[in-house]
Amino acid sequence: MLVSSEESYILWREDLGKPQMGGRGENSSPWSALRRVAPLMILASFIVCLVLYYVSPMGAAAVYEAYRKRLRIRGTQRRLPQALIIGVRKCGTRALLEMLNLHPHIQKNGMEMHFFDEDDRYANGLEWYRKKMPYSFDNQVTIEKTPSYFISREAPARIRAMNATIKLLLIVREPATRVVSDYTQIMETKLRKGKQVAPFHKRILTVDGEINDGFKAIQISQYAVHVLRWLREFPREQIHIINGDNLIRDPYAEINKVQQFLRLPPYITPDNFYFNETKGFYCMRNETFQKCLADAKGRPHPYVDPAVMSQLRKFFVPFNEQFYEMVGHDFGWPTS
Ligand code: A3P
């Protein structure tokens, strides 16, 4: 039977809500279709999450972090950092960032951006860099860490061009221990790639038994050489120096000084830290979570012949003395 379009509309309206055998009742409405696929969609998302979690916990964390970064809470915006952790590599830069992040007025950027030390990144411009920062409220300090800024020739002037009053955080550690930590990391990466690794003394000594100052790890520990470039661009008061060895022993003492330097209300307390026997380091906690740093932080160091260690410490003495003078603080690092 042929029906006019008006009649078919009326028929359709009359059919609404009436389940009919093979007809166009409730069973074929968009809602019923959604109801049929919804459990499948939930199951599929659950399986994706499970796979992500078990196959790659880091991947799942990255997805979550990316998702969280995209969430924009009312009243927040992406801002250029008002504070930077500029180094030094293997001195506790990650611990410092994560510990500061316990403060509600701190908004950390988790990734090392390498914006000021890598030309191709710097060429993207400040707006590109700003858009990489997390959303923050007016009263929050955005903080980024890239330890290689410390040894970069260009970074100090570029950072000053962005913000001449930015607050800089520099964490240092006894230079010879820092070399061992750096060597341990390099060695582990090589081993993971199936490459050969030279023992510590072979890496840091020349064939004549002198300290090999061509080895990058040795150059990084010559703090005086690098800090000079920063003091040419920034007044000393704008650089807060954290004692990395002390951060390991007594994190609250060091973090409290940073809280003051950044002019933050005193929020972080000694209760935010507890010593974890298994990890052998302090971990963090607040009302909602407990967290230790990843296994790559706080690795066991290889055995180093005390004579080699002593030679390395002696090598750093003139650099250390210059550094103490430049920054106006004697760290009392061992001289042999
Ligand atoms: P080791 O792994 O040699 O012990 P960075 O984050 O700059 O790479 O520094 C890594 C160093 O941070 C570690 O070097 C470790 O000694 C130090 N560190 C300081 N506080 C720590 C903490 N609470 N947990 C783990 N490592 C910490």
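The residues of the shell around the ligand divide into 8 nonpolar, 5 polar and 5 charged. Before we go further, please keep in mind that this is a predicted model.

**Around the ligand**

How many residues surround the ligand, and which are the closest? The shell has 18 residues, and the closest are T93, S181, K297, G298 and H301. As for where the ligand is placed, it sits in the second largest pocket. Two elements give two or more residues to the shell: the helix α4 (93-100) and the strand β9 (281-285). Of the elements, α4 gives the most, with 4 residues. T93, one of the closest residues, falls within the range 93-100 of α4.

The table lists them by residue.

| Residue | Protein atom | Ligand atom | Distance |
|---|---|---|---|
| G92 | backbone N or O | oxygen | 3.0 Å |
| T93 | side-chain N or O | oxygen | 2.6 Å |
| G298 | backbone N or O | oxygen | 2.8 Å |

So much for single contacts; now to the cover as a whole. On its own, the ligand has 570 Å² of accessible area, and the protein covers 97% of this. If you start from T93, look for its side chain, where an N or O atom is 2.6 Å from an oxygen atom of the ligand.

**The loop between β2 and α4**

Next, let us turn to the loop between β2 (83-87) and α4, where V88 is found. Which residue does a cis peptide bond join to V88? The partner is G87, and omega of this bond is about 10°. K90 is found in this loop too, between β2 and α4. Although K90 is not a glycine, its phi is positive, at about 65°. Both are backbone features that you can look up in the model.

**The disulfide**

A disulfide is a covalent bond between the sulfur atoms of two cysteines. A search of the whole structure finds 1 disulfide. C283 and C292 are the residues joined, with 2.0 Å from S to S. Why is this disulfide called right-handed? The torsion about the S-S bond of C283 and C292 is about 100°, and therefore the disulfide is right-handed. Residue C283 falls within the range 281-285 of β9, an element that also gives two or more residues to the shell around the ligand.

Methods
Residues numbered from 1 in each chain as written. Predicted model: local features only at pLDDT ≥ 70, side-chain atom pairs only at ≥ 80, totals over all residues. Heavy atoms only, no water. Near = heavy atom within 4 Å. Polar contact = N/O pair within 3.5 Å; in protein donor to acceptor, adjacent residues only side chain to side chain. Areas by Shrake-Rupley, 256 points an atom, 1.4 Å probe, with all protein chains shown as cover. 1 Å grid on protein atoms, 1.4 Å probe; cavity = no way out; pocket = protein on both sides within 12 Å on 5 of 7 lines; lining within 4 Å. Sits in = over half its atoms within 2 Å of the grid points. Nonpolar A, V, L, I, M, F, W, Y, C, P; charged D, E, K, R; others polar. Disulfide = S-S within 2.5 Å.
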